[in-house]
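Here's a quick briefing for anyone meeting this structure for the first time. Take a look at the model, then read on.

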Amino acid sequence: MKNILIYIISCIIFSLGATSFIFSNLGTDPLDVFCLGIQNHYDLKIGTIQSSFAIFCLIIYSFLNKWKIPPLSTGVTFFICGYMIDFFRFSLESVKDFNSYFLLLSGCLLCLQGSAGIILSGVGIRAMDLVALSLEEIYKKPFWLYKGVAEVILLLIGWLLGGPVGIGTMLFLLTVGWLIQPAIILNKKIFKI
């Protein structure tokens, strides 16, 4: 029960962070650069795009693990977070008036904590993180390396599609992308998991 609570709270925290990034207008996290870039060309919700990307990641995970069936809760995380971002963008419209740098720093901290909590809960690890963990297990390189490479690939594709790239995107990559592993370790100690 504790893990499910950590998972749900972490999905909310992550989604609020991603929404803060978007509202800052200073660039957003690479997955949302990708999603917003696609939205420039197709009338799709972030939740729909993230769910589709989750399916793609789950196919890669399955391939890396000799066609092992991936945990379905992983796809649910992208679905939940994607549609929560859509909901927060609609319901928290007045937050756009906050200071852009405050929103940016808040988004960074919230995404870092939310990502660490989702992974730590073990309930519905994000599909991209599941792929990174599989690569870590197979090739014995650190998780943050694979996570960082995936973020950069999403960033480049999203940027080419016209997604919002800025100082916030770089801050996300330097903090969330590379500090996720230390954040997980710290959260293990805090939550005694």
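Serine 134 counts as buried because its relative accessibility is 6%, where buried means under 20% relative accessible area, exposed over 50% and partly exposed in between (1.4 Å probe, protein chains only). Keep in mind that this is a predicted model, where local features need pLDDT of at least 70, side-chain atom pairs count only at pLDDT 80 or more, and totals for chains, interfaces and linings use all residues. Residues are numbered from 1 along each chain as its sequence is written, and side-chain values use heavy atoms, with hydrogens and water left out.

- Serine 134 sits in helix α6; helices here are DSSP runs (H or I, at least four residues), numbered from the N terminus.
- Setting aside residues up to four places away in sequence, serine 134 touches Tyr61, Leu64 and Asn65, with contact meaning heavy atoms within 4.5 Å.
- Along the chain, serine 134 and serine 62 are 72 residues apart, yet in space they are 9.6 Å apart, C-alpha to C-alpha.
- Over in helix α1 (residues 2-24) you'll find serine 15, which is buried too, because its relative accessibility is 0%.
- Once neighbours within four places in sequence are left aside, serine 15 is in contact with Cys81, Met84, Ile85 and Phe88.

**The largest pocket**

- How much space lies in the largest pocket? About 320 Å³, a volume being the space filled by probe spheres set on grid points, which are joined across faces, edges and corners.
- A pocket, on a 1 Å grid over the protein atoms alone, is an open set of points where a 1.4 Å probe fits, with protein on both sides within 12 Å along at least five of seven lines; lining residues have an atom within 4 Å of a point.
- The lining has 18 residues, and Phe53, Phe56, Ile60, Ala150 and Ile153 are the ones nearest the pocket's centre.
- At least two lining residues come from each of α3 (46-64), α6 (127-139) and α7 (143-160), and α7 gives the most, with 7 residues.
- Sorted by class, the lining has 16 nonpolar, 1 polar and 1 charged residues; Ala, Val, Leu, Ile, Met, Phe, Trp, Tyr, Cys and Pro count as nonpolar, Asp, Glu, Lys and Arg as charged, and the others, Gly among them, as polar.

**Where α2 meets α3**

- The axes of helix α2 (residues 30-39) and α3 cross at roughly 115° and come within 10 Å; axes are lines fitted to C-alpha atoms over the stretch in contact, and angles run from 0 to 180 degrees between N-to-C directions.
- On the α2 side, the contact is made by Leu31, Asp32, Phe34, Cys35, Leu36, Ile38 and Gln39, and α3 brings in Ile46, Ile49, Gln50 and Phe53.
- That contact has 8 nonpolar, 2 polar and 1 charged residues.

**Out in the open**

- Asparagine 25, in the loop between α1 and α2, has a positive phi of about 60° although it is not a glycine.
- Asparagine 25 is exposed because its relative accessible area is 68%.
- Tryptophan 67 also has a positive phi of about 60° without being a glycine, and its place is the loop between α3 and α4 (72-91).
- With a relative accessible area of 56%, tryptophan 67 is exposed.
- Leucine 109 belongs to helix α5 (residues 100-121) and counts as exposed because its relative accessibility is 62%.
- The C-alpha atoms of leucine 109 and glycine 17 are separated by 7.3 Å, with the two residues 92 apart along the chain.
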